[in-house]
Amino acid sequence: MTPFEQFIQNLTFGSFNFWFLIKILFVIGFGLYITFAVIVIRQVKIMSEVIEGLSVWPLKIFAWGHLAFAIFVFLLSLTIL
Amino acid sequence: MPDIFVRPQKETKTTPLKKLVMPKKEPVFKKSFGFLSAFIPHPINLRYEFQEKDEKIVLFLRRHFFTNFGWLIVTFCLALVPIFAFSFFPFEFVPLSFRFIGFIAWYLLTFAFAFERFLSWFFNVNIVTDKRIIDVNFPSILYKDISEAKLDNIQDVSSKTGGFARSFLNYGDVLIQTAGALPELSFEAIPFPDKVAEIINDLIAEEEGEL
């Protein structure tokens, strides 16, 4: 049974699953967070183009690591919740 | 025929490369150019996006590192919240998987807050060149605001220091009144504000002398 079917069934039978709603909120939240992480990477790139010569590689590593971790948490929330 | 006297050859002194690259005038401060430096006189490797070929950066400034103290404390407190929350209130009614994900989400948001504040500090810079003054601002992660004033448009330069931390650590604001479209530029919370004002005034005097 897919999550959507489960959602419909819960609504149909009137026994609404509260934790399922929380799971959806978590997944939407982490999805939006991935967008934010992508914006951060882009922003670091734009900022570093304004001033050339600054050592920005640690920031780039942090930004990419941040995106990777955000995707990992998104997938984790889909699987374990 | 053997030589009776051989005049010793004079050693020819070669000018070190550093002297050729660096300007004749000695920098006011000799600060190491570190990753987190807030005051860099005569940076050699730095280049501004719209820098002209014959333009040289005289000062590269950003807010004093101490100005990060506020958000660092907030981040530290935010990092402690889950530890205290779980020790005082065990959240047993919440399933373990939700507690775990909530825990991670909290630290992810805390990291995002700290990283965004650090980026804001790191890239909000002020540049003084031998031709103009540039103020690079990133008010938030989605906005970029660059304002500049040519040295011959500057009317008045003043520095302002006040408060315990600012007086103790010698950082403050430099206000630059201009005759251009932008009436005032301000370098906020930069190290050695009086010296920066002095350097800008010297550059203006040099610029006026050239005209």
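The model is a predicted one, so local features need pLDDT of at least 70 and side-chain atom pairs count only at pLDDT 80 or more, while totals for chains, interfaces and linings use all residues. Residues are numbered from 1 along each chain as its sequence is written, chains are lettered from A and ligands numbered from 1 in the order in which they are written, and side-chain values use heavy atoms, with hydrogens and water left out.

Chain A comes first. It holds 3 helices and 1 strand, where helices (H or I, at least four residues) and strands (E, at least two) are DSSP runs numbered from the N terminus. Along the sequence of chain A, the pattern reads α-α-β-α. Of its 81 residues, 36% count as buried, with buried meaning under 20% relative accessible area, exposed over 50%, and partly exposed in between (1.4 Å probe, protein chains only). Among the contacts in chain A with a separation of 6 or more, 59% come from residues 24 or more positions apart; a contact here means heavy atoms within 4.5 Å.

Next, the interface. Chain B puts 36 residues into the contact and chain A puts in 34 residues. Together they bury about 3100 Å², and 86% of that falls on carbon and sulfur atoms; the buried area is the accessible area (1.4 Å probe) that two parts lose on being put together, summed over both. In chain B, the residues that lose the most area to chain A are F98(B), I101(B) and L108(B), together 22% of what that side buries. The count of salt bridges between the two chains is 0, a salt bridge being a side-chain nitrogen of Lys or Arg within 4 Å of a carboxyl oxygen of Asp or Glu.

On the side of chain B that touches chain A, the elements giving two or more residues are β2 (47-48), β3, α3 (96-123) and β4. The largest share, 16 residues, comes from α3(B). By type, that side of chain B divides into 29 nonpolar, 3 polar and 4 charged residues; Ala, Val, Leu, Ile, Met, Phe, Trp, Tyr, Cys and Pro count as nonpolar, Asp, Glu, Lys and Arg as charged, and the others, Gly among them, as polar. Strands pair if DSSP finds at least two bridges between them.

Now for β4(B), residues 125-129, in which 5 of 5 residues are buried. V125(B), I127(B) and T129(B) point one way from the strand, N126(B) and V128(B) the other. β4(B) pairs in the antiparallel sense with β3(B) (residues 57-62) over 5 bridges, and I127(B) is the bridge partner of F60(B). β4(B) also pairs with β5(B) (residues 132-137), again antiparallel, over 4 bridges. There N126(B) stands opposite D135(B), and a hairpin through 2 residues joins β4(B) to β5(B).

Finally, a bit of backbone. Most residues other than glycine have a negative phi. H42(B), in the loop between β1 (39-41) and β2 of chain B, has a positive phi near 50°. A189(B), in β9(B) (residues 184-191), has a positive phi near 55°. H42(B) counts as buried at 18% relative accessibility, and A189(B) is buried with a relative accessible area of 4%.
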